[in-house]
Amino acid sequence: MKILNIRTVEVNIPLITPFKTALRTVNSVNDILVCIETDEGEGYGEAPPTAVITGDTKGSIKCAVEEFIAPSIIGMEITDLESIDEIMKTVNASIIKNTSAKAAVDMALYDLCGKKNKLPLYKLLGGNKKEIETDVTISVNPIDEMVKDSIRAVEDGFRIIKVKVGKEGLKDVARIEAIRKAVGKDIKIRVDANQGWDRQQSIRIIKTMEDIGLDIDLVEQPVKAHAFEDLYYITKNVNTKILADEAVFSPEDAERLIRYHAADYINIKLMKTGGINEALRICRLCEKGNVECMIGCMLESKISVSAAAHLAASQAVITMADLDGPCLCSEDPYDGGPAFDGPRIIMPEEYGIGIVRVPQFEN
Ligand code: MG
């Protein structure tokens, strides 16, 4: 199939409740959707403007796709997975950074490649997991509100909760302690500081949580994205597992982190890697280095989170999923794709990503 045209459109979906982390507060998923038109049908992608993490904005995503990426790949042919490697080389050469824009184009290409080869994307990528389990995010708020949200998540069937902290230093321990008391000992608690602590605070907070027996599954990105030595020092000096998120965008970042064992796990997000093609490179590095991965998402709706779910369902090294974007949205405007049923993500048998209708592209 030949690439004929690439279109973009904005989507706006209110969240059920505001999403709050140490870095930002967001009230709606307001993303750019991408449609790649070929002579044999359309492929879909999505990119959120996560300015505080990736630097991408709605304007920059549209501009990167329309003025740099599209002119470089229109006319190219999609056949098999190798053809996607070639097209993504051209995409990556057309503009540096702009990882979210690249991710939207990359997933639309994989969507088309699945359709061309008559396979759901996870099978095209060699996978066989029919279902994956996701955690759900608890936003940072006053303690009683976080406790209430955690109890509701457990009632909704979630067995793993990811608690956002990092705004109030040692007070975060009281948050986690109250949540642990409320949900009991059988629920896995992950803690995401979103770069909100420094090295000393991280050690003090994590050791305190260990001392009082809060049984934390992992702590995610305690320090600044570029504080590599601090991350290394924390990983060496606590028993709790440390997950790198904002510290790892590219395969090069992953390679360095694995070489020095600066964290125990890596959180792969398509919006950081620039899509599935680069994410697969990180998976290969992690397999070699015996480092398990989480698949995560930004505030995204069902198109791009579904692409991430296909990647997770295809890769054994991805053992943890944080793909709660669609659960946080007040509506699902698209037809088809994986079923997001609370903690369960059930993979579709439709070809490609599985999204069969995007009304935003029908006007
Ligand atoms: Mg994170």
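Leaving aside neighbours within four places in sequence, K269 touches D245, G296, C297 and M298; contact means heavy atoms within 4.5 Å. The model is predicted: local features need pLDDT of at least 70, side-chain atom pairs count only at pLDDT 80 or more, and totals for chains, interfaces and linings use all residues. Residues are numbered from 1 along each chain as its sequence is written, and side-chain values use heavy atoms, without hydrogens or water.

K269 sits in strand 10 (residues 265–269). Its relative accessibility is 6%, so K269 counts as buried (under 20% relative accessible area; exposed is over 50%, partly exposed in between; 1.4 Å probe, protein chains only).

D245 is also a protein donor of the magnesium ion, with D192 and E220. The donors lie 2.1 to 2.3 Å from the ion. Donors are N, O and S atoms within 2.8 Å of the metal (3.2 Å for Na, K and Ca); water is not among the atoms, so sites may look incomplete. Their spacing along the chain is D-x27-E-x24-D. D192 lies in strand 7 and E220 in strand 8, so the pair ties together parts 28 residues apart in sequence. Both D192 and E220 are buried.

Helices (H or I, at least four residues) and strands (E, at least two) are DSSP runs, numbered from the N terminus. Two helices pack as follows.

| Helix | Residues | Contact residues |
|---|---|---|
| Helix 9 | residues 251–260 | P251, A254, E255, I258 |
| Helix 11 | residues 276–289 | E278, R281, I282, L285, C286, G289 |

Their axes come within 9 Å and cross at roughly 15 degrees. Helix 9 and helix 11 are therefore roughly parallel (angles under 35 degrees).

Conventions:
Axes are lines fitted to C-alpha atoms, for helices over the stretch in contact, and angles run from 0 to 180 degrees between N-to-C directions. Angles under 35 degrees count as roughly parallel, over 145 as roughly antiparallel, 65 to 115 as roughly perpendicular and the rest as oblique.
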